[in-house]
Amino acid sequence: QQALRIAPSILSADFARLGEEVRAIDTAGADYIHVDVMDGHFVPNLTIGPMVVKALRPWSAKPFDVHLMIAPVDPYVAAFAEAGADILTVHPEAGPHLHRTIQLIKAQGKKAGVSLNPATPVEVVDPILDELDLVLVMSVNPGFGGQSFLSSALRKIEALRARIDATGRTIDLEVDGGITVETARACRDAGADLLVAGTSSFAGGPEAYAGNLRRLRGED
Ligand code: DX5
Ligand code: ZN
């Protein structure tokens, strides 16, 4: 099995110093920078738009893993791509034609992901798995950091691991929400290779970041 990679969610960073926070978590060993985009409509919170993604781009060379919790999503794909996103992940419920949305992301030359809410079945990705670069299992209902991990996610991770392995392609299997040292281990054992962590990455301020990421990977 691949080493566990961590995508810290900047939702839990200090928004008054966001550029420095992105640089600090990069230096601490982040694999991806996870950016949670919320529209106050698809999910009950408002966060970051393409202007902020563009402003943060010079602060890290790591892939920007942009999680779009917005509906409709298609009108904003180009803006986030141009702002510097490397991976664009969308929810199937965010538009009537998921495959068209994936094609839009690919047409921008970006990697495409699909995110599955707790009540969204894994079968949704079956017809399009060959075109995806990432599948994101939500282990909380999207909208806020700091929620508790829903263990129903583990069965979905196992099911998706088998599906992804069957493709023979490299597809990130990412989990988002309530990741702690304990739930990280459970996700890895279920077959995940990439974990989003907000609260547990940014706990304790910049001095703690490298240790936080090592512990999440199970390294100490
Ligand atoms: C939730 C977001 C998550 C969130 C995770 O809607 O998609 O990325 O920031 O936060 P923690 O790790 O605190 O659960
Ligand atoms: Zn997220």
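Student: What makes the 67 residues a nonpolar core?

Tutor: This is a predicted model, and the term is a rule applied to it. A nonpolar core is a set of buried residues of kinds such as Val, Leu, Ile and Phe, joined through C-beta atoms within 7 Å. The largest such set here has 67 residues, and V66, F80, L88, V135, I157 and L195 touch the most other members. In soluble globular proteins, nonpolar side chains tend to be buried together.

Student: Which residues does V135 touch, leaving aside its neighbours within four places in sequence?

Tutor: With those neighbours set aside, V135 is in contact with G113, V114, V125, L160, I171 and L173. The cut-off for a contact is C-beta atoms within 7 Å.

Student: How do you know whether the chain agrees with a compact globule?

Tutor: Put the two values side by side. A compact globule of 220 residues would have a radius of gyration near 17 Å, and the chain has 16 Å, so the value agrees. The C-alpha atoms fill a box of roughly 45 × 40 × 30 Å along the principal axes, and 45% of the 220 residues count as buried. The chain has 8 helices and 8 strands. Of the contacts between residues at least 6 apart in sequence, 62% join residues at least 24 apart.

Student: Why is H34 called buried?

Tutor: The cut-off is 20 or more other C-beta atoms within 10 Å. H34 has 29, so H34 counts as buried. Its place is in strand β2, residues 33–38. Beyond four places in sequence, H34 touches A7, P8, S9, I10, D65, H67 and V196.

Student: And D36, buried or exposed?

Tutor: D36 has 24 other C-beta atoms within 10 Å, so D36 is buried. D36 is also found in strand β2. Leaving out neighbours within four places, its contacts are S9, L11, T47, I48, H67 and M69.

Student: What makes D176 buried?

Tutor: Same test: D176 has 26 other C-beta atoms within 10 Å, so D176 counts as buried. D176 sits in strand β7, residues 172–176, and touches L136, M138, S139 and V196, not counting residues up to four places away.

Student: Which residues does the UniProt annotation "active site" cover, and how do you know whether they gather at one spot?

Tutor: In the unreviewed UniProt entry, "active site" covers D36 and D176.

Student: How many residues surround ligand 1, and which are closest?

Tutor: Ligand 1 is surrounded by 20 residues, and the closest are S9, P142, G145, G198 and T199. A residue counts if its C-beta atom lies within 6 Å. Strands β2 and β8 (194–197) each supply at least two residues of this shell.

Student: How does the shell divide into nonpolar, polar and charged?

Tutor: The shell around ligand 1 has 6 nonpolar, 12 polar and 2 charged residues. Keep in mind that Gly counts as polar here.

Conventions:
Residues are numbered from 1 along each chain as its sequence is written. Chains are lettered from A and ligands numbered from 1 in the order in which they are written. This is a predicted model: local features need pLDDT of at least 70, side-chain atom pairs count only at pLDDT 80 or more; totals for chains, interfaces and linings use all residues. Helices (H or I, at least four residues) and strands (E, at least two) are DSSP runs, numbered from the N terminus. The radius of gyration is taken over C-alpha atoms; the globule rule is 2.2 Å times the number of residues to the power 0.38. A residue is buried if 20 or more other C-beta atoms lie within 10 Å of its own, exposed if 12 or fewer, and partly exposed in between; C-beta atoms are placed from the backbone. Two residues are in contact if their C-beta atoms, placed from the backbone, lie within 7 Å. UniProt positions are given in the numbering used here, feature names are shortened, and annotations may be inferred rather than shown by experiment.
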